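Have the sequence and the 3D view open as you read.

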Amino acid sequence: MKKELRKVVIAGNWKMNMTPSQAKEAVKATAELTAGKNGCDVVLCVPFVDIAVAAEAACGTNVKIGAQNVHFEEKGAFTGEVSTSMLKEAGAEYVIIGHSERRQYFGETDETVNKRTKAALAAGLKVILCLGEVLEERQAGITAEIVSMQTKLDLAGISAEDLKNIIIAYEPVWAIGTGLTATPDQAEEVCAIIRNVVAGLYDTAAAEGLTIQYGGSMNDANAAELLSKVNVDGGLIGGASLVPEKFAKIVDAAQA
């Protein structure tokens, strides 16, 4: 982390978990446990049906609420999708775009990730943009090429000013939901690669100001070591974010 240059963000991705009543209690508990801990921003990205109740529960606390996806059109015949205006009116400030589960199971591509990102930014939402390699790509030694390509395609046509409202989350697909975690050195290496690509697309100042999270089984046990790395500016937390006590410990680790 380089707090003098960029914001540290600890974000939870609840995935398809928590009913509205459960969400209300979990947000309240998280807010109580993280109150006054201003060394990082705290975000919970919740299922669509939970956004309004979560935003109400988070009101007046340091917890911000985000969504897990958004469509690139404002309205129309897109059954099952949700627009930027729907998210904003429900109370979302952030949105995850391009998560590997969206790419793997629901046909998300770098082209649609780019379109969704542009739509979210235009609406005033902050974007957590996910990218990362699969196991076969890492074993083939092409991690750098894959994440570089994803970074360039996902940020295509996005201005340096809009980049200020983007967080990139490096999530090695092989470490999501598997219990495997990239070593701190592996996480640092790839986050540095992403930052270098951004410097080439924009400039050094833009790259140095960009928050790059690590995702992929970050938890309360390994967070401190991962967050000690210069280019790791926070985490996108899966399972541990469902347990307020564990999530709060990760927030504690980001206070250093």
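## What covers helix α12

The residues that cover the buried face of α12 come from several elements, including β1 (9–13), α1 (20–34), β2 (41–45), α11 (223–227) and β8 (234–237). Contact here means heavy atoms within 4.5 Å. Helix α12 spans residues 244–253, and its buried residues are Pro244, Phe247, Ala248, Ile250, Val251 and Ala253. Buried means under 20% relative accessible area, exposed over 50% and partly exposed in between, with a 1.4 Å probe and protein chains only. An α-helix has 3.6 residues a turn, so residues three or four places apart point the same way.

A word on the model: it is predicted, with local features needing pLDDT of at least 70 and side-chain atom pairs counting only at pLDDT 80 or more, while totals for chains, interfaces and linings use all residues. Residues are numbered from 1 along each chain as its sequence is written, and side-chain values use heavy atoms, leaving out hydrogens and water. Helices (H or I, at least four residues) and strands (E, at least two) are DSSP runs numbered from the N terminus.

## The barrel

Eight strands close into a barrel in the order β1-β2-β3-β4-β5-β6-β7-β8, with parallel pairing. The twist averages 25° from one strand to the next. Axes are lines fitted to C-alpha atoms, for helices over the stretch in contact, and angles run from 0 to 180 degrees between N-to-C directions. Two strands pair if DSSP finds at least two bridges between them.

Where do β1 and β8 meet? Four bridges join these parallel strands, and Val9 has Gly234 in β8 as its bridge partner. β8 is also joined to β7, in parallel, by two bridges; there Gly215 is partnered by Leu236 in β8.

Strand β6 (residues 166–170) has five of its five residues buried, so it is largely enclosed by the rest of the structure. Ile166, Ile168 and Tyr170 point one way from β6, while Ile167 and Ala169 point the other way. In a regular strand the side chains alternate between the two faces of the sheet. Strand β7 is covered on both faces too: Ile212 and Tyr214 are buried on one side, Gln213 and Gly215 on the other.

On one flank, β6 pairs in the parallel sense with β5 (residues 126–131) over five bridges, and Cys130 stands opposite Ala169. β6 also runs parallel to β7 (residues 212–215), joined by three bridges. Ile168 stands opposite Ile212, and Tyr170 has Tyr214 as its bridge partner.

The largest pocket has a volume of about 420 Å³. A pocket is an open set of points on a 1 Å grid over the protein atoms alone, where a 1.4 Å probe fits, with protein on both sides within 12 Å along at least five of seven lines; lining residues have an atom within 4 Å of a point. Of its 20 lining residues, Lys15, Gln68, Asn69, Arg102 and Phe106 lie nearest the centre. Helix α4 (residues 100–105) gives the most to this lining, with three residues.

The second largest pocket holds about 290 Å³ of space. Its lining has 18 residues, with Lys164, Asn165, Ile166, Gly209 and Thr211 nearest the centre. α8 (160–163), β6 and α10 (204–208) each supply at least two residues of that lining.

Notes: Grid points are joined across faces, edges and corners, and a volume is the space filled by probe spheres set on the points.
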